[in-house]
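Have a look at it first, then read on.

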Amino acid sequence: MRLTDEERVMRDGAEGEAVAAAMDLLIRYGEALGAERLVDTRNVAGTMTQPSPAKAKLEREGGWARAYAVINLDCDRDIEIPRMKVPTCQLQHGFAEDAAGLTAYPTTSIELQGSAENYFSERGVNILATCTPYQVGNLPVRGEHVAWMESSAVVYANSVLGARTNCEGSASTGAAGLTGKIPYWGNHVPENRLATHVVRADVGIDNFQEWGMFGYFVGETVEEARPAVIGSLAQPDLADLKHFGAATATSGGVELFHMPGVTPEAPTLEAAFGGLHIPEPVAYGPRERQWVYDTLNAQGTSTDVDFVLLGCPHASLDQVARIAHLLEGRRLHADTELWVMTPRALRTMADRNGYTRIITQAGGHVLTDSCPAMSKAAPPGTRVFATDSAKQAHYLPAILGIEAWFGTLDECIDAAVTGRWRGGLRP
Amino acid sequence: MIELRGRGIVPGVVEAEALVTRDAISGFGGIDVATGTVIEPRHELFGVCFTGKVLVFPGAKGSSGWSGFFQSTRLMGTAPAAMVFRVITTKAVLGAIVTRVPTVVEAMPDPLETIRTGDRVRVDGDTGLITILDRGRQQAGFTE
């Protein structure tokens, strides 16, 4: 890999051992990828502070510097961690303290996360604590090279914002924060951003659930490739695109999609392919739609719902408002819990608008920083949950060993209020 | 002995039994790092442990937590002995680096067609050479 003089002196230790270790990792990583060089970035979103058993052990051995060295830099030496060189934010956490009492977090984990937040805040990491940094002010611009992890954030940044990032990990973002560098490879390279597949919706994609199901099909169909999606698509909003992208990244490994007329790099279908040959579309019709619905609902038998989970990826303020509106004047079923996951910054606004109060008065909770898939925790005794998120319906049965129902927001609120799942695919 | 030639991306040499899957692997939500087991219900390796095996798979899918989860298998002592995969993505490549097991990518002939579960395999991450040393017992009846 070609290094600039600046990069070479960083590798050789001119900016300290941690920066040298970060450069060493980036070089090994870039060479393994087959990258020709690194590229500058001033926007990193990674994970440092959420507790794990491995991290707890490392922290005991040598403090947060040790944990960062091993996990975020793949380095076994004892090194000091300086301030981040470029703006860097923490993605979602393992949990937030607002869930204390609702689910069991070990005290040691709560303390561990608190001490990590203090340590990394002092090193310039912005504790946004959300899987959707773009919802709370970290909004890269078109063409900007960023180093993000979190698959749903990556696909949003690439596709909806037109920023350029690969699906980075804890180690590559840890190294990027200290160096302002990331391998110039994959989605950073313009020709690698052109569409490879066309998926055409022959059924109307016109609400949150339909966007999620269509996304799940697109991911299953193209895997890691770059789809352009056309057909019967209504104008999506932020929440629709967030849900669609998250579903494509969950069932496949999509990091970039094009939606002609909507996403910035695809004013037309022809533009999405850069003028190259456009392949025959794969059709998403009633049969495919039914398959997605059945797949996401193949993990439930009991219709007694203990737990309703909304907000994955983290709910926008508008989504929280809709939930509050549906719950106004109603009460949750005695045996059913409702969690609405949102960034802490948006919860502050939900508080101000009275949405939190309405949801809380109904018996629900507006929670921040995390989600059940990250914290691996649901309300105690949960056997069956319902969600409007294709991603959570996919993941939670495996992670928590619980049954899942996937449906619309209205069906989820109905389940929260009645304790019963009465959803079904509408024509 | 059958040889496959690819590109070594993590150095080191190891000999171990192969575990082959045609399904892409999810890290987050797809494996249990404490036991080194695939936990995705729809995966063909559901419930199967990869610890100490040469994991032969098409590539990574799902969350960017992939690398961190496989790194955790190293820290928890449940990592595969080596990795062989085809599709180069940041998730899988970074995952292999931080798992620190010999890794070969883009090998020919196609490892998914050539290597079978149970085969004894040598993976040389320095040279990119994969060698099938012995066919596994379960396939012996078909090959002889």
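This is a predicted model: local features need pLDDT of at least 70, side-chain atom pairs count only at pLDDT 80 or more; totals for chains, interfaces and linings use all residues.

Residues are numbered from 1 along each chain as its sequence is written, chains are lettered from A and ligands numbered from 1 in the order in which they are written, and side-chain values use heavy atoms, with hydrogens and water left out.

**Where the chains meet**

Let's start with chain A and chain B. On the chain A side, 43 residues are in contact with 32 residues of chain B; contact here means heavy atoms within 4.5 Å. The size of an interface is often given as the accessible area lost when the parts come together. Here the buried area is about 2,800 Å², with carbon and sulfur atoms giving 59% of it (buried area is the accessible area, taken with a 1.4 Å probe, that two parts lose on being put together, summed over both). A:A32, A:E224 and A:Y395 supply 19% of what chain A buries against chain B, more than any other three residues.

The interface also has 11 residue pairs in polar contact, both residues being at pLDDT 80 or more. A polar contact is a pair of N or O atoms within 3.5 Å; within protein, one must be able to donate a hydrogen and the other to accept it, and residues adjacent in sequence count only if both atoms are side-chain atoms.

Which element gives the most to the side of chain A that touches chain B? That's α2(A), with 6 residues. Helices (H or I, at least four residues) and strands (E, at least two) are DSSP runs, numbered from the N terminus. By class, this side of chain A has 22 nonpolar, 11 polar and 10 charged residues. Ala, Val, Leu, Ile, Met, Phe, Trp, Tyr, Cys and Pro count as nonpolar, Asp, Glu, Lys and Arg as charged, and the others, Gly among them, as polar.

**Salt bridges**

A salt bridge is a side-chain nitrogen of Lys or Arg within 4 Å of a carboxyl oxygen of Asp or Glu. The count over all chains comes to 35, and 4 salt bridges are found across the interface of chain A and chain B. Between A:D74 and B:R100, the closest N and O atoms are 2.8 Å apart. Back in chain A, A:R28 pairs with A:D24 at 3.2 Å. These two are 4 residues apart in helix α2 of chain A, so about one helical turn separates them.

On a 1 Å grid over the protein atoms alone, a cavity is a set of points where a 1.4 Å probe fits but cannot get out, while a pocket is an open set with protein on both sides within 12 Å along at least five of seven lines; lining residues have an atom within 4 Å of a point. Grid points are joined across faces, edges and corners, and a volume is the space filled by probe spheres set on the points.

The whole structure has 2 cavities of 30 Å³ or more.

| Space | Volume | Lining residues include |
|---|---|---|
| Largest cavity | about 50 Å³ | A:Y105, A:W339 and A:M341 |
| Second largest cavity | about 30 Å³ | B:F57, B:R86 and B:D110 |
| Second largest pocket | about 380 Å³ | A:E223, B:R22 and B:K61 |

The lining of the second largest pocket has 3 nonpolar, 6 polar and 9 charged residues. For the largest cavity, the classes are 8 nonpolar, 3 polar and 1 charged.
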